[in-house]
Amino acid sequence: MAADGRISIKGHPRAAGAIRRTKARGGMIGFSIGALAAWAHGGILASVLLRGLEGGVAGYLACWFAAVTVWKHVIYAELRSAVEERKAKLAAAATSE
């Protein structure tokens, strides 16, 4: 939770680590694909590394966007579940009185 009481992805106990790992894997996979594709097409070392770097940046950004989107939906679902659970507890408490 943020300092002003709002819920954030950064403050979620599992989301921040999962997003960080996803970005790292996306960057490494993008680098590998870019470098291998350039090498397979006969590129020189400088070209292979440049294409790998470009692929790594693209993979990093794509995976970052996807991970943030997924975790945003997961957090909203957790919030909806918590609200429904709280409403059920309040309704049960009101009927037992």
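**A tour of two packed helices**

Begin by selecting helix H1 (residues 15-40) and helix H2 (residues 45-96), which pack at an angle of about 150 degrees with their axes 6 Å apart. That angle makes H1 roughly antiparallel to H2, a term for angles over 145 degrees, while angles under 35 count as roughly parallel, 65 to 115 as roughly perpendicular and the rest as oblique. Axes here are lines fitted to C-alpha atoms, for helices over the stretch in contact, and angles run from 0 to 180 degrees between N-to-C directions. Helices are DSSP runs (H or I, at least four residues), numbered from the N terminus.

The model is predicted: local features need pLDDT of at least 70 and side-chain atom pairs count only at pLDDT 80 or more, whereas totals for chains, interfaces and linings use all residues. Residues are numbered from 1 along each chain as its sequence is written, and side-chain values use heavy atoms, with hydrogens and water left out.

Next, view the crossing of H1 and H2, which is right-handed: the near helix is turned clockwise from the far one by less than a right angle. The residues of the contact of H1 with H2 divide into 17 nonpolar, 10 polar and 2 charged. In this division Ala, Val, Leu, Ile, Met, Phe, Trp, Tyr, Cys and Pro count as nonpolar, Asp, Glu, Lys and Arg as charged, and the others, Gly among them, as polar.

H1 has 26 residues and reaches 37 Å from its first C-alpha to its last, close to the 38 Å expected; the expected span is 1.5 Å times one less than the number of residues. Colour the buried residues of H1, including Ala18, Ile19, Lys23 and Gly30; buried means under 20% relative accessible area, exposed over 50%, and partly exposed in between (1.4 Å probe, protein chains only). These buried residues of H1 pack against H2, where contact means heavy atoms within 4.5 Å.

Two further residues of H1 deserve a selection. Arginine 21, in helix H1, is partly exposed, with a relative accessible area of 45%. The C-alpha atoms of arginine 21 and tryptophan 64 are separated by 9.6 Å, although these residues are 43 residues apart along the chain. Alanine 24, also found in helix H1, is partly exposed at 44% relative accessibility.

Follow the chain past H1 to glycine 42, whose phi is positive, near 80 degrees.

Finally, select H2. Its 52 residues should span 76 Å, and the end C-alpha atoms are 75 Å apart, which agrees. Among the buried residues of H2 are Val48, Gly52, Trp71 and Ile75, and the buried residues of H2 pack against H1.
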